[in-house]
Amino acid sequence: MARKKILVTGGAGFIGGNFVQYMVNKYPAYDVYNLDVLTYAGDLTKHRNIENKDNYFFVKADIVDRGTIISLFEKEQFDYVVHLAAESHVDRSITDPGVFVRTNVLGTQVLLDASKHINVTKFVHVSTDEVYGELDFDPTTFFTEDTPLQPNSPYSASKASSDLLVRAYYETYGLPMNITRCSNNYGPYHFPEKLIPLTISRLLNDEKVPIYGDGKNIRDWLHVWDHCKAVDLVMHEGREGEIYNVGGHNERTNLEVVKTIMTILSKSEDLIEFVPDRLGHDKRYAIDPTKLENLGWKPTYTFENGIGQTILWYLDNKQWWENILSGEYQDYFINQYTIKNAKNC
Ligand code: NAD
Ligand code: TDX
């Protein structure tokens, strides 16, 4: 296999971190560059097992820093760019939208310019089903690649904006690209501000789990390793200029998700605390993955075996999430829940 250079942005985060591990181990003939600025969501301890491998490289850089990014691309001449770096938490985007526009929109544009400048083989933009907005509770309706973009949060609006820029660089300049739009991921190294790791970590400490509104909002869950397989397939086999939805038909209400975890951990449902709803809270996400399945993808995990594996991982890797919980995350948690919802948590 010819040696290729793959740039993965956001490779110190949750999905990017899993994707870097997957690529470094699966493709010894690829040089995998992990570019990350290491925000609160990025950490390199997850890569201790690969940091001395010959095909793994780390670059600390901000994707918005045009001079640094262009120089890096000129020097390294990447073949592929897999772009995951982003601000990713909806609640943070409601409190502070500006950083989402900066990183997700401007940062993507800088990477597109750099990719065009050196004529990369392909730019793979990892996006989200949230760009489609929300579905109602009719279980026969799904997001397809043709569903109009109707983002409802500052996060999803910034992701939709970046998707449109990627599309425009394909249409205008012929930059080879794919866009993937995945449903909610879960699995190892999921940052404990998101529902599933928040629930697991709080239950393991016998703390209350905050559920927004009535808990009936629905998300479509996919194990992160199945997402990694999808991105790999699209990178290698995706038809140039195409968008692929990624999802495994694992729809659950938030209450069902939390109760499933409580059952596995033998915790009382008294630990559920209903708190005021998220502003603009999308009702339901559900993906039709037919187009990606036709390309040859199918998920390995059902929600039941995936959530079991994930809970075991959090039990085995307590130190990783306890370090996070004891750091600046404490301030975030107090602002997000304790001050706003002082009586509830
Ligand atoms: P994450 O927040 O865990 O990780 C994001 C990473 O990007 C971090 O390592 C952070 O340090 C880095 N980063 C942030 N700003 C940067 C900047 N300016 N320059 C360089 N690096 C920067 O996010 P995640 O959940 O792993 O999501 C990764 C991507 O997948 C995002 O683009 C997100 O929109 C998309 N996505 C996420 C999900 C999900 O369920 N988490 C689902 C579908 C799509
Ligand atoms: O404390 C909570 N209580 C609660 O009820 C939190 C943090 C969440 N929720 C609800 C809100 C959502 O309906 O749980 C559901 C999942 O919430 P998050 O884990 O914050 O994920 P979501 O908002 O659905 O977005 C995620 O999936 C799509 C990722 O964070 C995005 O990056 C991705 O694009």
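Biologist: How far is the polar side-chain atom of Tyr 337 from an oxygen atom of ligand 2?
Modeller: That distance is 2.6 Å in this predicted model.
Biologist: And how much of ligand 2 does the protein cover?
Modeller: On its own, ligand 2 has 660 Å² of accessible area, and the protein covers 94% of that.
Biologist: Nice. Which elements give two or more residues to the shell around it?
Modeller: Those are helix H3 (90-95), helix H6 (195-204) and strand E8 (209-212). The largest share, three residues, comes from E8.
Biologist: How many residues surround ligand 2, and which are the closest?
Modeller: There are 21, and the closest are Glu 130, Tyr 155, Arg 278, His 281 and Tyr 337. By class, the shell has nine nonpolar, six polar and six charged residues.
Biologist: What does Tyr 155 do with an oxygen atom of ligand 2?
Modeller: A polar atom in the side chain of Tyr 155 sits 2.5 Å from a ligand oxygen.
Biologist: Switching topic: where does Ser 156 lie, and is it buried or exposed?
Modeller: Ser 156 belongs to helix H5, residues 154-173. It counts as buried because its relative accessible area is 0%, under the 20% cut-off.
Biologist: So what is Ser 156 in contact with?
Modeller: Setting aside neighbours within four places in sequence, Ser 156 contacts Glu 130, Val 131 and Pro 151. Also, a polar atom of the Ser 156 side chain lies 3.3 Å from the backbone nitrogen of Asn 152.

Notes: Residues are numbered from 1 along each chain as its sequence is written. Chains are lettered from A and ligands numbered from 1 in the order in which they are written. This is a predicted model: local features need pLDDT of at least 70, side-chain atom pairs count only at pLDDT 80 or more; totals for chains, interfaces and linings use all residues. Side-chain values use heavy atoms; hydrogens and water are left out. A residue is near a molecule or strand if one of its heavy atoms lies within 4 Å of it. A polar contact is a pair of N or O atoms within 3.5 Å; within protein, one must be able to donate a hydrogen and the other to accept it, and residues adjacent in sequence count only if both atoms are side-chain atoms. Accessible areas come from the Shrake-Rupley method with a 1.4 Å probe; for residues, only the protein chains shown count as cover. Helices (H or I, at least four residues) and strands (E, at least two) are DSSP runs, numbered from the N terminus. Ala, Val, Leu, Ile, Met, Phe, Trp, Tyr, Cys and Pro count as nonpolar, Asp, Glu, Lys and Arg as charged, and the others, Gly among them, as polar. Buried means under 20% relative accessible area, exposed over 50%, partly exposed in between (1.4 Å probe, protein chains only). Contact means heavy atoms within 4.5 Å.
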